[in-house]
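Here are a few notes to read alongside the model. Please keep the structure open as you go through the points.

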Amino acid sequence: MDIQSIGIVGAGQMGNGIAHVMSLAGYDVLMTDISQDALDAAVALISRNLDRQVSRGKVSQVDKDAAMARIKTTLMLTDLGPCDLIIEAATERETVKQKIFDELLPHLAPHTILTSNTSSISITRLASRTDRPERFMGFHFMNPVPVMQLVELIRGIATDEPTYAACLKVVEKLGKTAASAEDFPAFIVNRILMPMINEAVYTLYEGVGSVKSIDESMKLGANHPMGPLELADFIGLDTCLAIMNVLHDGLADTKYRPCPLLTKYVEAGWLGRKTQRGFYDYRGEVPVPTR
Ligand code: NAD
């Protein structure tokens, strides 16, 4: 099937990035959120990010204007029903995602493909509670979406071939590269990345290193472009914790136990860049380590 319209649920870090790349690639985008402020902030951010691409000569002003004109927003989730493809990018909590799909189901067009940008939750389980497990799959972008080249495409046990092919075509139209992953907790990237971030938090928790020395060690010693704690702040500590919990529960192995210090930061509401405080404090001119 040929996909033309894309519904995006959630206008947070990922939702706005997905709307950005989809509209630039020529898709009509309808984005929803529970918060009007989140929708307004997302549209303003997309415009600013596109301006940056224009000033670097990567996107023309005409293409920017056309992309912005293709993005519409609504507070009514059910308005997304007729879209060809829906990408759910709301908060990483299964009950939240479940409620969204339950509410959407009666309003979907028969051909609509449902997908989730979840970092870790079982696609098969999410799909099984819908009326279309064969037209349901994981569509997992990386953060920041306009910059990162990879998209993980995750087949649930029932996902059919035309659905996979249609999503692959979208990834190709975006000029990105798809990696096919099986539906096991956290798929490929986060299965490898999150235990490393969690181990960095343990290293901090046990006093082996400070925030600064841990990040510097991995940047200069392992040639990582960002330190693991800086990266955790960038991803969102709530999302990191949620993914560790999914790994821990889903694989039943104590090696995935979330570090208590990660839990404590999340309990404090210090979720990283999005709340201006995490392993670093971002409220001043330069980020300052909090430990
Ligand atoms: P975020 O906290 O920045 O944004 C989540 C948005 O969802 C918020 O704007 C919130 O208002 C909205 N929301 C919550 N409940 C909703 C509902 N019922 N209906 C509509 N909107 C609702 O989170 P994020 O970082 O954008 O993550 C979103 C999803 O993308 C998660 O599943 C996450 O695991 C996944 N993901 C995140 C990253 C990352 O690096 N942050 C990378 C890949 C995938």
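1. In which sense do β2 and strand β3 pair, and over how many bridges? β2 and β3 (residues 71-74) pair in the parallel sense, over 4 bridges. Strands here are DSSP runs of E, at least two residues, and helices are runs of H or I, at least four, numbered from the N terminus; two strands pair if DSSP finds at least two bridges between them. Opposite Met-31 stands Thr-73 in β3.

2. A word on the basis: this is a predicted model, where local features need pLDDT of at least 70, side-chain atom pairs count only at pLDDT 80 or more, and totals for chains, interfaces and linings use all residues. Residues are numbered from 1 along each chain as its sequence is written, and side-chain values use heavy atoms, leaving out hydrogens and water.

3. Strand β1 (residues 5-9) also pairs with β2 in the parallel sense, over 5 bridges, and Val-9 has Thr-32 as its bridge partner in β2.

4. Now to the ligand: Asp-33 has a polar side-chain atom 2.7 Å from a ligand oxygen atom. For Glu-92, an N or O atom in the side chain is 2.5 Å from an oxygen atom of the ligand. Asn-117 places a polar side-chain atom 2.9 Å from a ligand oxygen atom.

5. As for the shell around the ligand, its largest share, 3 residues, comes from α4, which spans 94-104.

Terms used: Polar contact = N/O pair within 3.5 Å; in protein donor to acceptor, adjacent residues only side chain to side chain.
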